[in-house]
Amino acid sequence: MDTSVKNLIVEKIKSSKIGQVDFDNLPFGDVFTDHMMVCDYKNGSWGTPKIIPYQPLTLDPSARVFHYGQAVFEGMKAYKDDKGQAWLFRPDENFRRINKSCVRLAIPEFPEEYFFDSLKTLLRLDVEWIKPGEGNTLYVRPFVIATQPGVIAAPSEEYKFMIICSPAKSYYGGEVRVKIAEKFSRAADGGFGFAKAAGNYAGQFYPTKLAKEEGFQQIVWTDSSTHEYIEEAGTMNVFVRIGDKLLTCPTSDRILDGVTRKSVIALARDQGIEVEIRPIKVAELLDATKNNTLKEMFGSGTAAVINPIQGFGYKGDKYELPKVENSYASRFKKQLTDIQYNRSEDKYGWRYKI
Ligand SMILES: *Cc1c(COP(=O)(O)O)cnc(C)c1O
């Protein structure tokens, strides 16, 4: 894809801060690269994207984002192979999704060539921040915020589209035990659970804090009307393996359509694993635990790729999953990271050269 933005403005840093970074001890999302992308929307159109040194923003305290939460984001990762070539994984999906999120929050869509041209330029400038080797990635965070001043509950007429990048070590959250939601909800029918909108995450912090006090790391959300069906976790879609069958719930306006999720489904089907995409009752999980057919649960998402779930809690009871040999979780994690790091053939065309 040869895209070019005429007049992409690039202002380079004077000296890189990369020498001060301890790449072996990187807390996730804490350190940012030398440059960032900013593009302003004003008077009905997106201006020229700029790549500038990473720096704080100055915003009016009445900027709409602070009061009405008009903010959406994306999360993707760049990888470097052993020859030093950098890659993204299915960035076209992230581009489509951020615009879907924008539409739902009444934010103007961002032009495709601005996105890819500035993304590539930014990543090429900061390419030294992408370290080769298993587990090393550069987390890329595009986002949009409403910047127009005025405490008026109406869509902003001014926005900033930005991309910032943070080097990350492989994210291993340890053993994950989840609480299945019985009372709180993450999203409702007709709402914007499908969007990567900032407010969807703010609303999860309090219930998740309560779940942590009970010894869980995350919540698996259930449908808001009955709490009888599992939906997804905070930033991950959820898969369940019953027998040798893989189950995941359908996407809807309550559920984020994860890129990792659709990649896992494609890989599984291609390998002859039966995949059922249908609502999954909590009762079915409990039955499967009783008759020992519940083999695995795992989350899928860009941050951890695949995150095995070791146990879950529901209505005061705790359930542990068995440790299985040759788990689907480890199989899909390996297959996905092999594609991401250019260690295997990419027959789906998922890799994107930077
Ligand atoms: C980002 C996210 C996911 C995972 O999506 P990926 O595209 O696989 O990273 C799943 N659920 C929620 C709520 C998310 O925010």
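## About the model

This is a predicted model, in which local features need pLDDT of at least 70, side-chain atom pairs count only at pLDDT 80 or more, and totals for chains, interfaces and linings use all residues. Residues are numbered from 1 along each chain as its sequence is written, and side-chain values use heavy atoms, with hydrogens and water left out.

## Two domains

The protein chain is assigned domain 1 (9-168) and domain 2 (177-340); such bounds come from an automatic or database domain assignment. Taken over C-alpha atoms, the centres of domain 1 and domain 2 are 28 Å apart. Their contact (heavy atoms within 4.5 Å) takes 21 residues from domain 1 and 21 residues from domain 2.

## Where the domains meet

Let's look at the interface. About 1,800 Å² is buried between domain 1 and domain 2, and carbon and sulfur atoms give 60% of this area. Buried area is the accessible area (1.4 Å probe) that two parts lose on being put together, summed over both.

There is 1 salt bridge between the two domains. A salt bridge puts a side-chain nitrogen of Lys or Arg within 4 Å of a carboxyl oxygen of Asp or Glu. On the side of domain 1 that touches domain 2, α2 (91-104) is one of the elements that give two or more residues. Helices (H or I, at least four residues) and strands (E, at least two) are DSSP runs, numbered from the N terminus.

## Around the ligand

Now for the ligand: 16 residues surround it, and the closest are K196, Y201, E232, T260 and T302. Here, a residue counts if one of its heavy atoms lies within 4 Å of the molecule.

E232 has a polar side-chain atom 2.5 Å from a nitrogen atom of the ligand. In the side chain of T260, an N or O atom is 2.6 Å from an oxygen atom of the ligand.

Key:
Polar contact = N/O pair within 3.5 Å; in protein donor to acceptor, adjacent residues only side chain to side chain.
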